[in-house]
Amino acid sequence: MNRDSAEATRITCEPGIAPKRLTTDQRRAYERDGFLAIEAFVSPAWLERLRAVTAEFVDRSRALTGSNAIFDLEAGHRAARPRLRRLVSPGDLHETYWEFVSASEIVDLVEDLIGPDVKYHHGKLNFKAPRGGEEVKWHQDIQFWPHTNYSPLTVGVFLGDVEPGMGNVGFVPGSHLGELFDQYDGDRWVGSISDRDLERVDTASAVFPVGPAGSVTIHNCRTVHGSEPNRSERERPLLLQTYAAADAFVYTDIVRRSPRGDTLIRGAPARWARHDPRPCQVGPSRARTIFEVQQREV
């Protein structure tokens, strides 16, 4: 690979930039595996604030009998026992969420991986209700919101302790270096990799991180990942936020676009777009959650 090609295809920051939070070995592991897991990274003070505002939104959901643009509800949701699949775009709903995703210590992690010029793209809060919480089939993220390059990554924050069997997200090491898969079934967008194509993915090697509240996962937009239902008696709330290098620009978007999407939260804006020569599949423009798409509800 020549120098120009290596620059176009890199997923991390340019060599030589000193990290703020990560070790050199952690950055190399991300480049090699396409994901990282760090235990107890988020401070107790931030966890307390995030849990408090999340409890407020769960209480608001009690009055609902069906999903809407903010709340994606699981079957069986009721006032006495809320069962949420997702809170859509929390950074747009409360300043506590926005302060966390745009100015907390997790932005240092992002900078350590993709460089000093960082854009926020979107966020969500997935709940995984006890004895439920639907499967998320194996998929890659970038086809949902294709960019000009593959720098985008997603940071997941455990809002509670996570143990095996709680619908943990699993990541296939090195899969970001392989194929970008077709996530259509014929003409229908399904947001998952077909069983036929999964034969070429080593899902048996997937790593399912666990850890105390405040632990984080970080995965590249090409990394194959998924999760099983939550078989425990405890909810597994996971706050997710996606970022991109400033020189990555969106082609289209099938998530519910955040009003703050593509907001520069650190560094300087890009004057040139960086284009990875590898093609990127483009999903449809209609906004639907991954649960609605994969379960073929719409």
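User: Which residue follows α2, and what is its phi?

Analyst: Gly 34 follows α2. Its phi is positive, near 85 degrees. Bear in mind that this is a predicted model, where local features need pLDDT of at least 70, side-chain atom pairs count only at pLDDT 80 or more, and totals for chains, interfaces and linings use all residues. Residues are numbered from 1 along each chain as its sequence is written, and side-chain values use heavy atoms, with hydrogens and water left out.

User: What makes a run of residues a helix or a strand here?

Analyst: Both are DSSP runs, numbered from the N terminus: H or I with at least four residues for helices, E with at least two for strands. Helix α2 spans residues 24–33. Strand β8 spans residues 184–185.

User: Which residues of α2 are buried, and why are they said to be on the same side?

Analyst: Arg 27, Ala 29, Tyr 30 and Asp 33 are the buried ones. Buried means under 20% relative accessible area, exposed over 50%, and partly exposed in between (1.4 Å probe, protein chains only). The arc is taken from the directions from the helix axis to the C-beta atoms. These residues cover only 160 degrees around the axis, so they sit on the same side of α2. On the other side, Asp 25 and Arg 28 are exposed.

User: What covers the buried residues of α2?

Analyst: The cover includes β1, α5, β6 and β10. Contact means heavy atoms within 4.5 Å.

User: Why is α3 called oblique to α4?

Analyst: Helix α3 (residues 44–61) and helix α4 (residues 95–103) pack at about 140 degrees, with axes 9 Å apart. Angles under 35 degrees count as roughly parallel, over 145 as roughly antiparallel, 65 to 115 as roughly perpendicular, and the rest as oblique. The angle therefore makes α3 oblique to α4. Axes are lines fitted to C-alpha atoms, for helices over the stretch in contact, and angles run from 0 to 180 degrees between N-to-C directions.

User: Which residues of α3 and α4 meet?

Analyst: From α3, Trp 46, Arg 49, Leu 50, Val 53, Thr 54 and Phe 57 meet Thr 96, Tyr 97, Glu 99 and Phe 100 of α4.

User: Is Ser 89 buried or exposed, and how do you know?

Analyst: Ser 89 is buried, because its relative accessible area is 8%. It lies in the loop between β3 and α4.

User: What makes Asp 185 partly exposed?

Analyst: Asp 185 has a relative accessible area of 43%, so it is partly exposed.
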